[in-house]
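Hi everyone, thanks for coming. Today I'd like to walk you through a structure, a few residues at a time. Please have a look at it first.

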Amino acid sequence: MGVRGSRSGRLIIVALTALVTAGCAAGAGWPGAASREAAEGPVRLDVIWVPTDLAVVTEMLELAGVTRDDVVYDLGCGDGRIVIAAAKEFGARGVGVDLDPRRIREAQRYAVRAGVADRVTFRVQDLFDTDLREATVVTLFLSPEINLRLQPKLLRELRPGSRVASHRYGIGDWKPEKTITVTMLEKLNWLFLWRIPGPTPAR
């Protein structure tokens with residue numbers, strides 16, 4: 001399936017792209033950034049952060065049916081683009097978590113530039129330690145192994161009806177409610193959606 005989107009949606013994507021690009025350029029001159037990052041050294045990560053194309057981000061949030069009533073948690077948020085888009089495009093609140101403090105600082109700067117700093121929060125945190133009970137939507141772009149390890153936590157902490165959207169990777173043998181593909185630069189991007197089931201009615 002090709003990328004959907006109205007003219008206004010495309011303008012938002014262009015604006016966000018400019019925001020991230022400008023933020024990257026500004027980061028080089030951010031006071032003390034180089035010295036702090038050198039002092040911190042590299043962070044040991046289970047998954048290397050790969051930024052998701054902003055058009056795919058929008059498709060992912062649309063797949064999850066995000067609205068202004070949602071709280072979107074992005075686990076392994078990188079530069080925060082998913083929760084920033086959730087707030088800016090869909091009016092939701094968002095929380096991003098990542099082990100890398102450099103990515104979290106980027107995300108915080110981008111949120112300020114996007115005008116949504118009052119609607120999003122970023123935390124330096126292990127995603128397995130993150131309390132998900134507030135979330136109504138969880139987004140993932142991790143790995144098959146980590147997705148599978150997360151499944152019991154997702155089912156345990158998320159309320160019935162909450163949605164989980166993953167870019168590229170499934171969650172073990174958990175059958176998704178919906179699967180779509182988004183073509184970007186002749187490359188297929190698989191997006192999966194699950195919904196947390198409610199209790200089984202008594203017979």
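Let's start with helix 6, residues 144-157: at 1.5 Å a residue, its 14 residues should span 20 Å, and its end C-alpha atoms are 20 Å apart, which agrees. The expected span here is 1.5 Å times one less than the number of residues. Helices (H or I, at least four residues) and strands (E, at least two) are DSSP runs, numbered from the N terminus.

Before I go on, a word on the source: this is a predicted model, where local features need pLDDT of at least 70 and side-chain atom pairs count only at pLDDT 80 or more, while totals for chains, interfaces and linings use all residues. Residues are numbered from 1 along each chain as its sequence is written, and side-chain values use heavy atoms, with hydrogens and water left out.

Where does helix 6 bend? The bend, about 35 degrees, is at Leu-150, and a proline, Pro-152, follows within four residues. Bend means the angle between axes fitted to the seven residues ending at a residue and the seven starting there.

Several residues of helix 6 are buried, including Ile-146, Asn-147, Leu-150 and Leu-154. Buried means under 20% relative accessible area, exposed over 50%, and partly exposed in between, using a 1.4 Å probe and protein chains only. The buried residues of this helix pack against strand 1 (71-75), strand 4 (137-140) and strand 5 (163-167).

Now to strand 5, where we find Ser-166. Is Ser-166 buried or exposed? With 0% relative accessibility, Ser-166 counts as buried. Its side chain joins that of Asn-147 in a polar contact of 3.4 Å. A polar contact is a pair of N or O atoms within 3.5 Å; within protein, one must be able to donate a hydrogen and the other to accept it, and residues adjacent in sequence count only if both atoms are side-chain atoms. A polar atom of the Ser-166 side chain also lies 2.6 Å from the backbone oxygen of Tyr-169. Leaving aside neighbours within four places in sequence, Ser-166 is in contact (heavy atoms within 4.5 Å) with residues including Met-60, Phe-192 and Trp-194.

My last stop is Asp-70, in the loop between helix 3 (54-63) and strand 1. Asp-70 is buried, with a relative accessible area of 7%. Its side chain reaches the backbone nitrogen of Thr-67 at 2.9 Å.
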